[in-house]
Each structure stands twice: as C-alpha cells, then as structure tokens.
Amino acid sequence: MKLSRSILLFLLAMASSPLFSHDSNGLDTNGLNNHVLDIYVNNILWHSYSSEDLDSLQVGFHNSELTEPDFTAIPFPELLPLMSEIEGIRLFFHSGEVFLSSVSDSIRTSALKEGPEGKWDLSLDGSVYHNPGRIELYGTALPEKELLLWSEPGLTGLDRQIDIWSSLHKIRVTVKEVSDIDTKLIFRKMTGDLMPDFVLRFQDPAEPYEEGNTVAFLLQSVLTPVKEQETDTLVLPSGHKLHPDLFMSILASLSDRVSPHDPGWLTDPDSIKKASAIYLEQLLNRRIVEQDDFFTDENYRNTNYAFFPSGSYLSLIAHPADLPLLRGLERPLSPRVLPVQLQIKREDLPAGTLIDFLKLPGIQHQLLSAENRQLPEHTEALKHRDLNDEEQQLYEDWKRGYILSDSNYAFRREIEQNLPDLLRGEGELPR
C-alpha cells in the first residue's frame, strides 16, 4: 500500500502545470516520454500521469476468489473527474484506437493494473486493454467544484480521507457537523432550502444493515469529565433508567461472542437472571442514575462518573473512556458498535462516488483509530498492518461488540418492553 506517497506525488502533479506540450502518443515536444497516460474529457486535457504518478496511486485489492491471489491496481474512476453522464470512452494505442459506448456502469469497477515492463493495462467491461497512451472521456462533467457533506458530530478521522478524494477529483468538499440530521433534512426538503450533497451518519438501528453504504464502524464508549479516571457511576439520559442498550451490554458481556454481526445473545433463564441481578444491584446502589437525579444530588459532586451512552452527551466537555467493569462481571461492559453510513443525496452524482473510495482496502486500512474508537468496515484491511497495543485492544473490543442492525433491533425493542417487569421478577425475554 503506497497511499501516503501517492497523496504527495498526486497533489504535486495536480498543482503543477505541464512542462511540455504533448501529442496523442504521449511524447513531449523534445521526443521524451515523460508520461505514460493522458486523460481527456470532451477533448480537453484533464490530467497527464507519469509512471511515478501511476505507480504511487496503486492500492491493494483483496480477491474474493480463493484461487486468485491478492493484487495491486489503481481504481480507474479515481483518475477521472466526476461525471453525471458518460456517453462513451475512446482508447488510443500505438497501433490504433477503439471507442466504447454504454460503459457508465462498468467504469465503477474498472481498474488500471501494471503489467510487464512498466506497461499499464485497463480492465473495463470484462475486457483488458493493453497500454493505452491516451483515454478520451465523453459526457457531462459535474459543473460544481464545491460540494457539501453533513456529518454527525464525533466522526473525526474520515474528513482527512475525504480531503484526499477531493484533491483527486479537483473539487472541494466542505464537511459540516450537523446534529439531528434526519430532522433537518426533512425540514430543508419541505422548505426547498439547499440540501447537502453527502450525508455521513450513524445507521438508525431500526433500519436494515446496508453493507454497501457502510464505510466504517464507530465504537461508542462512555464520556468522562476527567481523563483516565475510574468510573464509579454511569449517568443515563433522562427517562432512561431502565436502559435497554445498557442491559444488552451486560447480557453480551456474559456471552462468548465471535462476530458483531452475530452477537450470540445468551437468552437462557440463568443468564437473563444474572444480567438482571447485575443491573438491579447497580440501580439499588446508585451506580446507575438518570441525568436529572445525578445533577440534583449533592452527594455526587465528587463522584467519578461517566455518561452512557456517550452519543447522548456529545455536546458536553468530556473525554472518551473505556466502558467500566461492573460488579458481578468478569470483564468490562461490551461496547456498542455503530455502523457509519455515507449517503449520496444528489441524483446527478455517479453511483459509488466517494463511497467506493472510502471502502478501498488502502483507505480502510487507515481508518483504524484508537483515539476516535473507529474501525474499518472491512477488518480484512488490518491483516497486513502491524497494530500497536492500543489498536490491538480496540480490535479485540470490536470482536466483542455488536452491531445495532435490524436483526437485533427487534431484540432490543422486546427488552425495552419487558425490562421493567423483568426487574420486578416477572416477564420473559424472547428466546
């Protein structure tokens, strides 16, 4: 993976004006082949790529076919401007040219792969084209050079990758943190106000899990007013003393789970009884309190406390912390793993725009952040990376976490309905 070097070389290349004029065979006026590929859009030069440019833009790809090894290549769409419509593409070779129509869908999965002797092959629409020196794209380029992305608060780290993508396509993406995104989107649509081009948000747990739009996972921990303090008390949002997510974390901490997609809930009577007893003891000993009770109780001014879940308290000045070890549990509470989804809100943006880039193995490789408790969407990207102790612990947390998807949202809803009776010794959870 050569992405760090590629960013520098690519941005330098884009910022530089051509030093020579070029003919269609990729030769400068002095007869020197200082570049290997020219991209034109509607007969206007978009960019000239040297061998060094192309070499540094390669990323690793994981081949799903077990018989095929992993390989490196350049995602061809990242070499092009954003096109709302592609009418055709013309490829020029030393021996001639070829024109291809109806390639809009296949361009999304096309790639440029280095072959023998530094030659490059374009894989497009099921065919491989050897060493094109010039590629002409015909269609409608996106006229705007500035796009707007709304992001939920707390999704730091992804903005850096979005800046890289913006530079590749010679545009600017303004990232604006917006709380309560869904409500504001409805209001703007009703009033006709300017809508964002992209939305980066946590997936609603009531929605089915959509792998195609998921670009990362965020592990929601707790927030503490003081860094690195041990937590004595969990402060829940108002009206959430019987908090189903907290109960699910306790129940999950009693389970030996392998995948966050398959939490492996323990729903046998003994496990339910044990989780209920742990929860009830925390309530009775005031280790779990509601926000209103906590801030009106003078006895808790000097208590080491944490806000749970942290997503409800992002406006407070506090620091992410590990989930605490509650009495009766052998390990800390299991974290809640939330899918981060990117949605395209403009109809004229090509399918996969920005999503495909953020889901590239090379980009996913860089999303692991212990500080932000953020993970790649495909953890296979971590297999070829040496993790430090903190990152390894985050990875282990993820293995023990669970995803709030449609499949276990029903389980959460049942808990919400039965938890009060359960704590009074009545009721049963779903099997």
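This is a predicted model: local features need pLDDT of at least 70, side-chain atom pairs count only at pLDDT 80 or more; totals for chains, interfaces and linings use all residues.
Local features are given only where pLDDT is at least 70 and side-chain atom pairs only at pLDDT 80 or more, while totals for chains, interfaces and linings use all residues. Residues are numbered from 1 along each chain as its sequence is written, and side-chain values use heavy atoms, with hydrogens and water left out.

The protein has 12 helices and 22 strands, taken as DSSP runs numbered from the N terminus (helices H or I, at least four residues; strands E, at least two). Of its 431 residues, 49% are buried, where buried means under 20% relative accessible area, exposed over 50%, and partly exposed in between, with a 1.4 Å probe and protein chains only.

There are 6 aromatic pairs, that is, rings of Phe, Tyr and Trp (its six-membered ring) whose centres lie within 6.5 Å, with planes under 30 degrees apart counted as stacked, over 60 as edge-to-face and the rest as tilted. One of them is the tilted pair of Phe 99 and Tyr 138, at 6.3 Å centre to centre and 50° between the planes. Because Phe 99 lies in strand 6 (residues 96-101) and Tyr 138 in strand 10 (residues 134-141), this pair ties together parts that are 39 residues apart in sequence. Phe 99 is partly exposed, at 41% relative accessible area, whereas Tyr 138 is buried, at 17%.

The rings of Trp 165 and Phe 198 have centres 6.1 Å apart and planes at 90°, so they form an edge-to-face pair. Trp 165 belongs to helix 4 (residues 158-168) and Phe 198 to strand 13 (residues 198-202), 33 residues apart, and both residues are buried.
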